[in-house]
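Subject: Structure handover

Hello,

Here is the structure I said I would pass on. Please open it and keep it in view while you read the notes below.

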Amino acid sequence: VIVAVLTDFGTRDHYVGTMKAVVLSVCPEARLVDITHDIPPQDIFTGALELAAAAPYFPAGTVFLAVVDPGVGTTRRAIAAEAGGYRFVGPDNGVLSLAFRRAGAGRVVELQEKKFARPVISATFEGRDRFAPAAGWMARGIDLQSMGRTVHDPVLLDLPVAKLTLDQIDGEILLVDRFGNLTSNIDAESVYGLGERVDVASAGHVARLVSTYGDVRQGELCALIGSSGYLEIAVNGGNAAAHLSAGRGTPVVVRRRLGR
Amino acid sequence: VIVAVLTDFGTRDHYVGTMKAVVLSVCPEARLVDITHDIPPQDIFTGALELAAAAPYFPAGTVFLAVVDPGVGTTRRAIAAEAGGYRFVGPDNGVLSLAFRRAGAGRVVELQEKKFARPVISATFEGRDRFAPAAGWMARGIDLQSMGRTVHDPVLLDLPVAKLTLDQIDGEILLVDRFGNLTSNIDAESVYGLGERVDVASAGHVARLVSTYGDVRQGELCALIGSSGYLEIAVNGGNAAAHLSAGRGTPVVVRRRLGR
Amino acid sequence: VIVAVLTDFGTRDHYVGTMKAVVLSVCPEARLVDITHDIPPQDIFTGALELAAAAPYFPAGTVFLAVVDPGVGTTRRAIAAEAGGYRFVGPDNGVLSLAFRRAGAGRVVELQEKKFARPVISATFEGRDRFAPAAGWMARGIDLQSMGRTVHDPVLLDLPVAKLTLDQIDGEILLVDRFGNLTSNIDAESVYGLGERVDVASAGHVARLVSTYGDVRQGELCALIGSSGYLEIAVNGGNAAAHLSAGRGTPVVVRRRLGR
C-alpha cells in the first residue's frame, strides 16, 4: 500500500524521516512516496492545491498523509477520510479538502481512538505521534469507522472563483512553481469557451495563448493550458513570476480578441 | 530491512542516489528511508543530534547509514555498531555516537574486511565505496563480528550539559530547525523540577512556558517542551532564531518565578 | 525493479511525486530511487553528467527515467533505450546520452506507441504523461521494440575533450558540486601519464596534487582524483568554486613540474 506524504517540514531536519519511521513501525509493508515537504511553512492553501494536483495520479488505495498544521497541539480536530478509493489523514484545517472533494463523495471521521496513535502525543509534533501512526493503520487496512466518530462539518477550503462574462474572464494566480510558472484559477473549458482568439493579460503584460512553451521564442511571455487543466502564464526558458513581479492573488484577465 | 540514511551530501548532486544504488546492489530487498541529507557540510554535531532524534522511532532491525565525514580518505576508522536492536555504519568521528549510546549497551567493530567494501575505495567518496556496501551487507544480516575487530574506544561526542541549581537551570541552544525553533539541552524533567511557575530567558528576551504554540498569540515568543523532550524556544507562526538572533550555543536560563 | 529518477523539477512542487504516482500506477512493484531533482532548470549538460556518474552503480535491470526537457511539448522525440543491462527513458536531447554510451552498445527507439503513454498528453508535463508511464512499462518488462521504431541518430552530447601534450594537459571544469568541489574533464590516466610531480593550475591559483582532502591543511587548495575518476579541485573543509571564482568552463592546466 502506498502512503504518499506531503508536509511543510522541509527536508533539513529529521522530521520527515521520523514520521516515515513511525508509519513503517505500524505497517512495515507501506511504500512511502514523497509529494513534497517544501510547502511554505503553515501555508494550508498551497498544501491543499499541491495535494489535489498530485492525488488523482496515485493508484486506488493510496493513503495520503498531509501535515501542514499551524494549529498543532491545539484542539483543532485530527481527521481521517475516505473518498473515491483514496484515504486521507491530517489536521482538519482544509489541507485535505481540495483533494478529498475532487475524489468524490466520501466520509470523514475524527481521530479519537487512542490505540491508533502513539501513547504520548507531543504538543508540537502530532505528525509523528498522531497522523503517522493513523496513516500506518490505514495502510494496514483498518476500517475508517473504527478510528473515530463521523465528522459532518470538516473544514473546506474555498478557492477564489474566476468570474465569467460574455467577452472576458477575471481570475487570479493561485500557485507559482519552481520555474516561475504562474497557475491561475481559470480552467481550460472557460478559456476555450471564449473562442479561438483570446488575449491573456496580467500585471500589465499581454501574453499570447499558445499550445506549449516552444511556440514562443526563448524569453518570451506566453499563456497556455497547464498540466493541471488550468490557464498558466509562463516565459519560455525563463521565470514568469520574476518577469511580471506576479504571485498568488495577481489578477489575470482573458479577453476575446476584437478585430482581426 | 530498512536502511535509514543521513548525510551532509545535499540532494543537488548524484551522491545520495549513487550510495543508495550501491546499497541496493548488495541487498536488493533493502528499503531506503531518508532521514536528511541537508546536515550542514561536515557538521558532525548536528548530524549526530538529528540521527539520535530520529533513530528511536524506526523499527528494530533498522540499519542506520550516517555519513558526515570531514576525515574522508584519511586514516580515521570506519565502524559498524549494534545496540538495542539497531545497527549503525559510518565514520568513527562521533556522528553515530549519540544514537548508539541512547540505544543501549552494544558493540562496535572496525570495517576492515575487504569483501564488504567495493573493490576500489575512492579517497573522496567512502560513502559509496565503503559505508554503503557495509550497510547493504548489514541489511542482508551479516554478523557484525565478521566485519572487523572490536573497537573499544569509539569516538563519543560530548553534549554540553545544562547546570542545575536550586532555583535555576543554565543551558544552551543545540539545534535550530527549519521553522527557526530553538532546541536546548535542558530536559523536561529538569524544567518540571523547578516547579510550576518558571521563566525562560535567552538572548535578552523572556519567554512564557506554555504547552503548545497555540497558547500564545501569533508572533509571540514562547518556551515549551519540544517533541524530543527538551526545552524549546519558539515564536507562534514565526521564527525564533531570527527573532532572538540566536543559534547553537546561545545561553538559555530557566528560573523559578519569584513573588506571585 | 528499480526505477531511478533524475529531473530538473525541484522538490518544491508536486511534479516529482506525481510522476512517481504514474510509474506506480503502471508498475506497482517498481522501487523508486531519486538520483536528484535539482539539476539546474533545463541544463541538459549537467543532467547528463549526473546521470552518467550515478548509473554504473545501479544494479542491472534498472530503468533510468531522466527528464530535463527544454523542448517539452514540441516535436523533439521521446525515446527509450537499452544498453549494458540498463534501460533508459527520456527526451531525445542528449540527457540520456552520456550514461547510455558509457553503458555500451545498445539500441534506441522512439516512444510512439500510444498504449504506453497516458491517454491525454499535456504539452507542459510529458514527464507525467509520456515518460513516467513508459518507465512503468519498462519496469514491467515490456520489450523495447514494441514501444516504437528504432532511432538511428539519437542526440548525443559532446563533452569538451582535454588536450594532451608532452608536458601539459589543458582541460576545463565540467561540474561544481554542493561542497564547491570542481570536477574537470581530465581523467586520472592522463594525469598519471605526466609523471609523479605535477602542478594543477586554474583561475590564477596553483594546487598541489594529493591523494585526499586531508593531505592539505584546513582551508588549503588541493587537486586530487575525484570519485568519478576525474581530476577535481577542492579546498579542504572549504569551497573551491568560491575560493577560485570558478565554474563550468573555467580552464584547468596540469603541468609536469620542472626542476626538483
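In chain B, a polar atom of the side chain of N93(B) lies 3.0 Å from the backbone nitrogen of V95(B). This is a predicted model, in which local features need pLDDT of at least 70, side-chain atom pairs count only at pLDDT 80 or more, and totals for chains, interfaces and linings use all residues. Residues are numbered from 1 along each chain as its sequence is written, chains are lettered from A and ligands numbered from 1 in the order in which they are written, and side-chain values use heavy atoms, with hydrogens and water left out.

To stay with N93(B): it sits in the loop between β5 (86-91) and α3 (97-103) of chain B; helices (H or I, at least four residues) and strands (E, at least two) are DSSP runs, numbered from the N terminus. N93(B) is buried, at a relative accessible area of 13%, where buried means under 20% with a 1.4 Å probe and protein chains only. Beyond its neighbours within four places in sequence, N93(B) is in contact (heavy atoms within 4.5 Å) with residues including I44(B), V68(B) and L157(B).

Next, the arrangement of the chains. Chain B can be laid on chain A with an RMSD of 0.0 Å by a turn of 120° and a shift of 0.0 Å along the axis, which is the relation of a three-fold axis. The superposition is by least squares on the C-alpha atoms of residues with pLDDT of at least 70 in both copies. In chain B, the C-alpha nearest the axis belongs to R31(B), at 5.2 Å.

Last, the interface of chain C and chain A. Here 33 residues of chain C are in contact with 27 residues of chain A. About 2,400 Å² is buried between the two chains, and carbon and sulfur atoms give 52% of that; buried area is the accessible area (1.4 Å probe) lost on putting two parts together, summed over both. On the side of chain C, R12(C), H14(C) and T124(C) lose the most area to chain A, together 25% of what that side buries. The count of salt bridges between these chains is 0, a salt bridge being a side-chain nitrogen of Lys or Arg within 4 Å of a carboxyl oxygen of Asp or Glu. Helix α1 (residues 15-26) of chain C gives the largest share of the side that touches chain A, 8 residues.

Regards

Terms used
Buried < 20%, exposed > 50% of the residue type's maximum accessible area, 1.4 Å probe, protein only. Polar contact = N/O pair within 3.5 Å; in protein donor to acceptor, adjacent residues only side chain to side chain.
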